[in-house]
Structures are given as C-alpha cells and as structure tokens.
Amino acid sequence: MKWKEVITAAGVVGSLVFVGFEIRENTRTVRGATIQAIADQSFQYNTELVQDENWMRLMALVWADTVSVTSLGPEDRMRLSWGLAASTRIMENRYRQVQLGILGEDALGQLGGATNRNWYGSRMFREWWASADPEAQWSPDFIAFMERDVIGISR
C-alpha cells in the first residue's frame with residue numbers, strides 16, 4: 001500500500017510542477033503579447049497622425065509649448081482634443097496593464113509614455129486635460145496617476 005501512496009503523491013507533485021511551468025509560460029506569453037499590442041497601438045497612432053499635415057502642425061505647436069489651446073480655431077481644437085484623448089487612452093492602457101501585473105512599471109515610460117514631458121507636460125496638454133473633465137472620462141486612480149506622475153500637477 002505504501003508504494004501506491006508514494007507513487008500517487010509523486011504524480012500529484014509532478015502534476016503541480018507541470019502546471020506551475022505552464023502558468024509561468026502562459027504569463028510570459030501574455031506579457032509578450034501585451035508589449036507587442038502596446039507597441040502596435042503606439043505605432044498605429046503615430047503612423048496615422050504623421051500622414052495628416054494638420055495634425056503635424058498641431059503636434060509642432062504642442063512640442064514648441066508656446067501656444068494656448070484657446071488660440072486655436074474650432075477645427076484645430078477638436079482635432080487636438082481627439083489626438084490628446086487618444087494618447088491618454090494609450091497611457092491608460094499601459095497603466096492598467098501595470099496594475100494587473102502583466103507589465104512592469106518601466107512599461108509606463110516606454111515608447112513615448114509617461115516620460116514624454118514634451119507632450120504630457122506641455123501647456124496645450126495641461127489646458128486640454130483641465131478642460132476635458134477628467135472625472136467624467138477616467139477613474140480616480142488613473143487621474144491621480146496622470147496628474148502626479150505624468151503631467152506633474154497637483155490638485
């Protein structure tokens with residue numbers, strides 16, 4: 001009887017080890033797919049925007065950081081708003097992936113992320129953020145992250 005119990009226990013331990021390896025491999029696969037998805041998302045966003053002369057003009061204004069959103073015409077304000085909202089959604093995706101433990105904290109700053117102070121710290125982004133009614137768009141934890149760690153403002 002003891003041999004059967006030992007063999008059974010060894011089988012259970014072996015199965016658990018196998019499941020552990022499979023979970024680890026699955027986690028790596030999910031992380032890899034997530035990193036690729038974020039890269040694809042950023043690439044698509046940038047590729048679409050650089051093909052639009054109006055957007056490139058607006059982007060140059062954001063980076064120059066010398067113009068106010070209110071000085072833009074209504075079409076440019078709308079175009080800028082959609083572009084800034086899209087980049088914020090990309091940042092939110094990164095933030096959520098880090099929260100879920102799929103990606104490490106370093107993913108927040110990669111590919112023009114949170115460390116892109118020319119973008120997220122610009123006058124135009126800050127003005128847009130204040131006028132975009134963040135509470136209606138994003139969760140309180142993401143708002144706090146954006147304002148504290150990305151934009152560099154405090155409420």
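Contact is taken here to mean heavy atoms within 4.5 Å. The model is a predicted one, in which local features need pLDDT of at least 70 and side-chain atom pairs count only at pLDDT 80 or more, whereas totals for chains, interfaces and linings use all residues. Residues are numbered from 1 along each chain as its sequence is written, and side-chain values use heavy atoms, with hydrogens and water left out.

The protein chain holds seven helices and zero strands, where helices (H or I, at least four residues) and strands (E, at least two) are DSSP runs numbered from the N terminus. Read from the N terminus on, the order of elements is accordingly α-α-α-α-α-α-α. Of the 155 residues of the protein chain, 32% count as buried; a residue is called buried under 20% relative accessible area, exposed over 50%, and partly exposed in between, with a 1.4 Å probe and protein chains only. Among the contacts in the protein chain with a separation of 6 or more, 66% come from residues 24 or more positions apart.

Helix α5 spans residues 123–131, and within this helix M124, F125, W128 and W129 are buried. These residues cover an arc of only 130 degrees around the axis, which puts them on the same side of α5, the arc being that of the directions from the helix axis to the C-beta atoms. An α-helix has 3.6 residues a turn, so residues three or four places apart point the same way. On the other side of α5, A130 and S131 are exposed. The cover over the buried residues of α5 includes α2 (53–64), α3 (74–99), α4 (117–120), α6 (134–137) and α7 (140–151).

The axes of α3 and α5 come within 11 Å and cross at roughly 85 degrees. The two helices α3 and α5 are therefore roughly perpendicular to each other, given that angles under 35 degrees count as roughly parallel, over 145 as roughly antiparallel, 65 to 115 as roughly perpendicular and the rest as oblique. This contact is made by L80, S81, L84, A85, S87 and T88 of α3 together with M124, F125, W128 and W129 of α5.

Helices α5 and α7 pack at an angle of about 165 degrees, and their axes are 13 Å apart; α5 and α7 are therefore roughly antiparallel to each other. On the α5 side F125, R126 and W129 take part, and they meet I143, M146, E147 and I151 in α7. Of these residues, E147 in helix α7 is buried, with a relative accessible area of 6%. The side chain of E147 makes a polar contact of 2.7 Å with the side chain of W129, where a polar contact is a pair of N or O atoms within 3.5 Å; within protein, one atom must be able to donate a hydrogen and the other to accept it, and residues adjacent in sequence count only if both atoms are side-chain atoms.

D76 lies in α3 and is buried, with a relative accessible area of 14%. The side chains of D76 and R79 are joined by a polar contact of 3.2 Å, and D76 also touches R57 and L58, when residues up to four places away in sequence are not counted. R94, likewise found in helix α3, is buried at a relative accessible area of 1%. The C-alpha atoms of R94 and L108, which are 14 residues apart along the chain, are separated by 5.9 Å.

Most residues other than glycine have a negative phi, and most peptide bonds are trans. Against this background, D65, which is not a glycine, has a positive phi of about 60 degrees. D65 is placed in the loop between α2 and α3 and, at 36% relative accessibility, counts as partly exposed. D133 is likewise not a glycine and has a positive phi of about 55 degrees. The place of D133 is in the loop between α5 and α6, and at 40% relative accessibility D133 counts as partly exposed.

Technical notes
Axes are lines fitted to C-alpha atoms, for helices over the stretch in contact, and angles run from 0 to 180 degrees between N-to-C directions.
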